[in-house]
Amino acid sequence: MSEFHGSGSLGSFTLSRPNVGSWRHKKSNLYKETLLDVAQSLKINAVDFNAAADAVVAHQQTEEQRDVLLTADIGGTNCRFSLWQANTKVDVVYDEVFTKTYPTSQYKTFEDVFEALMAEPIYRDNPPASAALAKYGLRVAVLNDFEAAGYGITVISETDYVALNDVPAAPQGPRAVLGPGTGLGEAQLIWDDRFEGYKVYASEGAHSTFAPRGDIQRQLHAFVEQKFGYCEVEHLACGAGLVNIYNFLRKVNPSGRPPSQLQQERDPPSIGMAAMQEGDELCLETVDLMLTILGAEAGHMGIRLLASGGVYLTGGITPKFLDRIQETGDLLKAFMQPESRFHSLLMTLPLYAVTHERLGVLGTREYALRLLKTPDVTKGYYAVVEAARRGDLFKHGTV
């Protein structure tokens, strides 16, 4: 039986049942058999039919390249949506034609905030055909938030991060991403020759048990464990962790501060502002301890992954505390862990603080582009069948 496959300006493909979103994978012969039946019924030889089918699919894909991309970065604090005009032939994304941020707390479900987006006039005028989020009749993908951050890492420029451990990165070496925001996110990037790029694997490593270093951290571990029944890394190395650490320092008071300095209740933004803008000593101590714990976790990820491509600190909190990170050096010291027998290995792993505050948006855009560049086999099949039935199979020539 003839194989309906070929190659043209858009790359080689095979018309068959879709699987893993690639034309190049071996798949069921069901679609090929159906198309062959169409060719035979029209009394067209398989070679000519195949060439015309290639042209129909190429035309269909060219039309799809004008699609608008929708990206969404759904976080614990904000939901960020953007519309982009894409050109997948040259791997260039044109202008960001729309962006809007909705406070997460004001919407009960994702459907609620998405309906608010769909009510925007520009969305109605430019409905997307590809999206990196969820359902609604689009060609879609749902990403873990730090999976999106990982793809964002692959497209940022050198102006979007600061090297904390400035050593050479292996061009295709494993990369680790972690970042404190409302919670703590983590992901790993592994080079994949099939994609000619990095594939991102989401992780829930932030929910691993916290491993304290030194007496103060052991007391902190006991304090959090008493409150929650256990103590994980995310209880400490994020916005919520700032509050836990702050309340621990107020109660245990290892620095012997006067009671007058221990009375005020604070939330994460208040702690950060008091530390970085007002120089409040208790809040600075809170931030320093959180950054030390974050640096240790970055080192743990670097060792587990042998992250020769770099360890990237992202999240909404990292840019806000960058001055403190560079001033004290506590985070880098915790990352290096000089007392460890793996200190020499950690010294070879690059460590970066990412300053781009819309990393998740960049990552979802990058993934949505991958969706556009991955031909939709089902749509290609129906385009060929419908063209044959209309009698204009050769309208677009042959490939």
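Reader: What makes the R324 and D288 side chains a polar contact?

Author: Their side chains come to 2.8 Å. A polar contact is a pair of N or O atoms within 3.5 Å, one able to donate a hydrogen and the other to accept it; residues adjacent in sequence count only if both atoms are side-chain atoms. So the pair qualifies. This is a predicted model: local features need pLDDT of at least 70, side-chain atom pairs count only at pLDDT 80 or more, and totals for chains, interfaces and linings use all residues. Residues are numbered from 1 along each chain, and side-chain values use heavy atoms, without hydrogens or water.

Reader: Why is R324 called buried?

Author: Its relative accessible area is 14%. Buried means under 20%, exposed over 50%, partly exposed in between (1.4 Å probe, protein chains only). Therefore R324 is buried.

Reader: Why is A170 called partly exposed?

Author: A170 has 29% relative accessibility, so it falls in the in-between class. Beyond four places in sequence, A170 is in contact (heavy atoms within 4.5 Å) with Y198, S308 and G309.

Reader: Which residues of α7 meet α9?

Author: L242, I245, Y246, L249 and R250 do.

Methods:
Helix = DSSP H or I, 4+ residues; strand = E, 2+ residues; numbered from the N terminus.
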